[in-house]
Amino acid sequence: MSQTMLSCTGATRPTSALLRRENRRTQKTRRMVRAASATQSFGPCSCHGGEHLSDERKAELVSVCEQIGAAGKGITACDEGPGTIGMRLENVGMVNTEENRRAYRQMLFEAPNANKYLSAAILDPETLYQKSDSQKHNGKLFPAVLSEIGIVPGVKPHLKVYALPGQSGATVMQGLDSLAVRLQEYKDAGCKFAKWRSPMDIDVANGQPSDLTIETNMLDLARYALICQDVGLVPIVEPDVSLKGDHDLETAVRINVKIQSVLFKAMLDHGAYMEGALLKSNMVNPGKNCSKTYTVDEIAEANLEVFRRCFPTAMRSANYLSGGQSLEDAAARLDAINKKKNARDPWNL
């Protein structure tokens, strides 16, 4: 008997024997998939919480998070590139040379009692390979100097921002393609963590940040976090909403909740180990050109409201960036946030 038969249109169709054979192949494939899933339990479900990491790696990540998240201390972000820091040096009459940049960083790191107030320092890649010439640390690389005095060294691994086409100037950070290789080099140089910044503006008139802008940036942050932990570095994720704009505080709360909820879901979906990651975010504030005035307490409540809605308790600490605020405003708002914390707010802020 022929294995095929003609249909009324002249095309061939399989006989029942061929259908039975195809069904057997399908069942075999399903059994193979089930067997593979049983040997690697996170299989097709990505929300595995770092199951690919060893217990030792997880313990290392948690230990670094605990050091950085020490109560009463903060992170110094001295990761300006040569161009950015050059403008600051020139403002005080200094020439922008590598030696002057090195001397400036040394003055900061080795200031008396710096380790009483700093838990960590974010470095530009250039600084990783510069050395101290002080009497106490002469000839040692800055990551080693920082580690010796109890300040955890980290690095800024991202590259340049890129304007997303059709998104009214909204950007995404570049640098994922070669990230694993660069992170391994930074880890070998003494770094314990990395920090990736994703800057965004609130522009209500132009619909920004759009869903595309948010999702593109937050997915990149999640992928960066996953790569960091695989290399052995704690990822600090930094969604940075600027103070630009005339939006009110209520709008800022809604948009920050949207951004952070997308970020943390993306991290979970990617299988990031949340206990081995930290947050560095903007303070939730009205836009600089907002016509309405808010009290310090109202701004503090807004920041806690955002965290209570979406910040995982698995993550130990959030370190705010000043983000264009005056030192006085940033300090007053941070103080108010911590005074208003209660049993619902377990994080070090």
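Modeller: Points are joined across faces, edges and corners, and a volume is the space filled by probe spheres set on them. The model is predicted, so local features need pLDDT of at least 70 and side-chain atom pairs pLDDT 80 or more, while totals for chains, interfaces and linings use all residues. Residues are numbered from 1 along each chain as its sequence is written, and side-chain values use heavy atoms, without hydrogens and water.

Biologist: What volume does the second largest pocket have, and which residues are the closest to its centre?

Modeller: Its volume is about 210 Å³. Asn285, Pro286, Gly287, Lys288 and Arg333 are the closest to the centre, out of 15 lining residues. The lining comprises five nonpolar, six polar and four charged residues, where Ala, Val, Leu, Ile, Met, Phe, Trp, Tyr, Cys and Pro are nonpolar, Asp, Glu, Lys and Arg charged, and the others, Gly among them, polar.

Biologist: How many cavities of 30 Å³ or more does the structure hold, and what lines the largest cavity?

Modeller: There is one of that size. The largest cavity has a volume of about 40 Å³. Its lining consists of Ile202, Val241, Ser242, Leu243, His247, Ala252, Asn256, Asn282, Met283, Val284 and Asn285. Six of these residues are nonpolar and five polar, with no charged residue.

Biologist: Let us turn to packing. At what angle do helix 8 and helix 9 pack?

Modeller: Helices (H or I, at least four residues) and strands (E, at least two) are DSSP runs numbered from the N terminus. Helix 8 (residues 211-231) and helix 9 pack at about 40 degrees, their axes 8 Å apart. Axes are fitted to C-alpha atoms, for helices over the stretch in contact, and angles run from 0 to 180 degrees between N-to-C directions. The pair is therefore oblique; under 35 degrees would count as roughly parallel, over 145 as roughly antiparallel, 65 to 115 as roughly perpendicular, and the rest are oblique.

Biologist: Which residues of helix 8 and helix 9 meet?

Modeller: Asp211, Ile214, Glu215, Met218, Leu219, Leu221, Ala222, Arg223, Ala225 and Leu226 of helix 8 meet Lys258, Ile259, Val262, Leu263, Ala266, Met267 and His270 of helix 9, contact being heavy atoms within 4.5 Å. This contact has 12 nonpolar, one polar and four charged residues.

Biologist: How do the axes of helix 9 and helix 10 cross?

Modeller: The axes of helix 9 (residues 249-270) and helix 10 (residues 296-310) come within 9 Å and cross at roughly 25 degrees, which means that the two are roughly parallel. From helix 9 the contact includes Leu249, Val253 and Asn256, and from helix 10 it includes Glu298, Ile299 and Ala302. Nine nonpolar, three polar and three charged residues make up this contact.

Biologist: At what angle do helix 7 and helix 8 pack?

Modeller: Helix 7 (residues 179-188) and helix 8 pack at about 45 degrees, with axes 10 Å apart, and are therefore oblique. Leu179, Ala180, Leu183, Gln184 and Lys187 meet Tyr224, Ile227, Cys228 and Val231 of helix 8.

Biologist: Which residues does a cis peptide bond join?

Modeller: Gln208 and Pro209, with omega about 0 degrees. Pro209 lies in the loop between strand 8 (193-200) and helix 8.

Terms used
On a 1 Å grid over the protein atoms alone, a cavity is a set of points where a 1.4 Å probe fits but cannot get out, and a pocket is an open set with protein on both sides within 12 Å along at least five of seven lines; lining residues have an atom within 4 Å of a point.
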